[in-house]
Amino acid sequence: ISTKWFSKLATELAAANPGNSITLIDGTGIVLADAPESGDRVGAPLASGSMRSGLENMKGSSFDGTGNDGEPRIYGVAALPDSNALLLIGLSRAAVESDLVRSRWQALTELALLIALMGAAIWIFGARSLELPIRQLLEHAGQIGRGRLDARLDSRSWPRELAVLAQTMNLMSARLQRRNTQ
């Protein structure tokens, strides 16, 4: 197995978070490469502990464990093609949890902003859809008060509650107009 790619991957992983680790083991559990490097592990069997028991009891492709440095990590395991080797990538549990909390707050903030924008849009649309009919109702009532009983309101596009009020005012105007012509 060529391990030239390993140092590049280890550098990128460490740049993302210094608490991350990467270990390459063969099919018998011998450590082939390790980063951050601990020279005594390379060539030796994977030490007993939570990493080894995590691999042995693995029910999926990840497990929780503690690295040789005592750092709690979440490990992902990938089999290398055409070999029995496994690549273990350990992400710092503290960094993962911190990212999850930050992502959760970001999502909640975005949701709150979306709700606020939707509320503002509904309020603006609602206010505008009510403003014109109410102004027309007031103007119509003023016309009736000034004796213009032939004026009528066109309320077909109004909200239902205001349309009923407009129809009632039109009916009242028509009755007053008939009464005045009799």
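The questions below concern the sheet, the helices and the surface.

User: What kind of model is this, and how are its residues numbered?
Analyst: The model is predicted: local features need pLDDT of at least 70, side-chain atom pairs count only at pLDDT 80 or more, and totals for chains, interfaces and linings use all residues. Side-chain values use heavy atoms, with hydrogens and water left out, and residues are numbered from 1 along each chain as its sequence is written.

User: Which strands stand at the edges of the sheet?
Analyst: Strands (E, at least two residues) and helices (H or I, at least four) are DSSP runs numbered from the N terminus, and two strands pair if DSSP finds at least two bridges between them. The five strands form an open sheet with antiparallel pairing, in the order E2-E1-E5-E4-E3. Each edge strand has a single partner strand, so one of its sides is left without a neighbour in the sheet; these strands are E2 (31-35) and E3 (62-66).

User: Is strand E2 largely enclosed or left open by the rest of the structure?
Analyst: A residue is buried under 20% relative accessible area, exposed over 50% and partly exposed in between, using a 1.4 Å probe and protein chains only. Four of the five residues of E2 are buried, so this strand is largely enclosed.

User: Which residue takes a positive phi in the hairpin of E1 and E2?
Analyst: E1 and E2 run antiparallel and are joined by four bridges, and Thr23 stands opposite Asp34 in E2. Five residues lie between the two strands of the hairpin. The residue with a positive phi, near 95 degrees, is Gly29.

User: Which residue of E5 is the bridge partner of Ser21?
Analyst: Strand E1 (residues 21-25) pairs with strand E5 (residues 86-92) in the antiparallel sense, over five bridges. The partner of Ser21 in E5 is Gly90.

User: What angle does the direction of helix H3 make with that of E5?
Analyst: Axes are lines fitted to C-alpha atoms, for helices over the stretch in contact (heavy atoms within 4.5 Å), and angles run from 0 to 180 degrees between N-to-C directions. Helix H1 (residues 4-16) packs on the sheet, touching E1, E2 and E5, and its direction makes about 155 degrees with that of E1. Helix H3 (residues 93-145) also packs on the sheet, touching E3, strand E4 (72-79) and E5. Its direction and that of E5 make an angle of about 60 degrees.

User: Which residues are joined with Arg93 into one salt-bridge network?
Analyst: A salt bridge is a side-chain nitrogen of Lys or Arg within 4 Å of a carboxyl oxygen of Asp or Glu, and the structure holds seven. In one of them, the closest N and O atoms of Arg93 and Glu97 are 3.0 Å apart; both residues lie in helix H3, four residues apart, about one turn of the helix. Another links the side chains of Arg148 and Asp150 (3.7 Å, N to O). Through salt bridges that share partners, Arg93 is joined with Asp64 and Glu97.

User: How much accessible area does the nonpolar patch that includes Leu114 have together?
Analyst: Patches are made of residues with over 30% relative accessible area and no salt bridge, with like charges joined within 9 Å and nonpolar side chains (Val, Leu, Ile, Met, Phe, Trp, Tyr) within 5 Å. Leu114 lies in helix H3 and is partly exposed, at 45% relative accessible area. Other members of the patch include Val101, Trp105 and Ile122. By the Shrake-Rupley method with a 1.4 Å probe, in which only the protein chains shown count as cover for residues, the patch has together about 820 Å².
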